[in-house]
Amino acid sequence: MTDTNVIQVENLTKKFGDFVAVNAITFEVKKGEIFGFLGANGAGKTTAMKMLIGISKPTSGNAKVAGFDVFTNSEDIKKNIGYMSQKFALYDDLTVKENITFFGGIYGLSRKKIEEKRQLLVEELGLQNIVNELVGSLPLGWKQKISFSVALLHEPKIVFLDEPTGGVDPITRRQFWEMIYKASNNGTTVFVTTHYMDEAEYCDRVSIMVEGRIEALDTPKKLKEQFKVNSMNDVFLKLARNIE
Amino acid sequence: MNTILYIIQKEFKQIFRNKGMLPIISILPLLQLLILSNAATFEIKNITFSYIDKDQTTLSRALIEKFDASTYFHVITDFPSIKEANAAMAKGEVDVILEIPRYFERDLSNQQDTDLSVTINAIDGAAAGVQNSYINQIVKDFDKKAKILMLPPSDPLNKPKNIESIPSSWFNITLDYKTFMVPGILVLLVSMITLFLSGMNIVREKEIGTLEQMNVTPIKKHQFIIGKLFPFWVIGFVLLTIGLIIAKVVFNTPMIGSLWLIYFYTAIYLLVILGMGLYISNFTDTQQQAMFIAWFFIVIFILMSGLFTPIESMPYWAQILTEFNPIKYFVEIMRMVMLKGSGFVDIIPLLVKTIVYAIIMNGLAVWSYKKTN
């Protein structure tokens, strides 16, 4: 069933000089799946993700995202994905409304479509009071929710989230994951990195990177069985301890 | 096309929302033009003049009076001997010492040669040269009048004959240095501000992390660069317009040639500067680095632009270097068009060079902006 795989990665490698940041990783992500991409700091998650979203050229291997090759068609990939980075990625000195207009515009949405999307978004997130506020003046939780919605503005096939809930309170995290589920139910594939192991439990499947390699990849349930532990936290600790 | 419009719209909003930016664009250039045009003068004035009068006669006093009457010299004191005068020179209290010998009047009335000794502080060689020529002029003038005074009036044949050259100044009839400086300083402010603003622009997005977000969008390189350039291009025109108005209203700078021609040239010139700014922005990581590099180039460009020192008197290798200086071209064009009234045909050679330069700089800017590393 390869045609339902929206991300297909084979032996993808990235070297910086002698340092192998990502070491021949192989995996695939199915359409509509919530794919958790876990790993300790410096394990190579962000580097791997950057190759998939077309802003970093792989050293070797193969990868297809949304049906396009990361080596030759990175610009086509960009039309079909949304991305929300670790660093906050909306413009602080623009209002919520202006950010929506700008990002809608550069993804080629029509004025009418942008207007529709904006109204929808304002309703769903309850932004009526803050839509004309500068993004810089909003609390982080709001920023992250808006940022995620903006990443979905052009209805991408896949959305990449790089530690989207870092520094966010538990209630907002919960709301954020509700948004992720909703996107997934609408058929959007979600590729998410996180450090929160409780969030890993919410994913359909999880991969764990250790020192540039994928050491484990399965559903959270099966991973727990495989490592004979009760939580994803313990799975993670067990894997991380092995290398020490 | 639409994408570019969205970027331009966003850039303008950000520029005008940045509270530090508006004064930079409006007030600073105004101050710069007003202060520099008045202060950066080549005229040597207020020369501190001292003398040692060993003769103490009517004639020697008449000579000193002549210096005193001149607007260039500011006669402070007489010294009893050369020793004190030299000490004052060493302390920097006087610029010029004139020593009038004994028997000055007697020798002159006997039709004998006499020498005046002039000591000039020549730390600034150019200024010393100018001072020397002022002094010579006064002495020569005095000499001529002294001769007439001393000769018997009954002898018309003996009337001294002189060759005189009468200068006629073209293009700046009143030799007003402001006429010469204002167009050049206007060029400086347009160049500096547009270079700094554009140089810090992309790197700023790098710093706050939004550039990565841009790189993940399907935005095309040229769309991004044009969208980024355009607002600063417009700001360049605004600056030029403000500057020209000040030049006309405050300094009454002549504008003989066509202003349209100046605007036309500026349109292309700004592309050079903006391309350069974006190129700097692309290979630096912080606004600080970008600022330093922009500064480095702007200082060289300004000092080698022919604005403060004539390019013709630079060493040959330096003259070749000035060929890569866009500010030099603009200063030259401004002076040609505004003061001489040069037309389109006259500026073609400079225009062609500027166009080539613009193509190269913007080529580099687009090439060095990489969406994928």
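**Exercise 1.** Work out how H10(B) and H11(B) are oriented to each other.

*Solution.* Start with the axes, which are lines fitted to C-alpha atoms over the stretch in contact, with angles from 0 to 180 degrees between N-to-C directions. In this predicted model, local features need pLDDT of at least 70, side-chain atom pairs count only at pLDDT 80 or more, and totals for chains, interfaces and linings use all residues. Residues are numbered from 1 along each chain as its sequence is written, while chains are lettered from A and ligands numbered from 1 in the order in which they are written.

Step 1: the axes of helix H10 (residues 221-249) and helix H11 (residues 259-283) of chain B come within 9 Å and cross at roughly 130 degrees. Helices here are DSSP runs (H or I, at least four residues) and strands are too (E, at least two), numbered from the N terminus.

Step 2: compare the angle with the classes: under 35 degrees is roughly parallel, over 145 roughly antiparallel, 65 to 115 roughly perpendicular, and the rest oblique. H10(B) and H11(B) are therefore oblique to each other.

**Exercise 2.** Describe the sheet of chain B that has the order E2-E1-E3-E4.

*Solution.* Step 1: this open sheet has 4 strands, and its pairing is mixed. Two strands pair if DSSP finds at least two bridges between them.

Step 2: find the edges. Strand E2 (73-78) and strand E4 (117-120) of chain B each pair on one side only.

Step 3: look inside the sheet. Strands E1 (residues 47-53) and E3 (residues 96-100) of chain B run parallel, joined by 5 bridges. Ser50(B) is found opposite Ile97(B) in E3(B).
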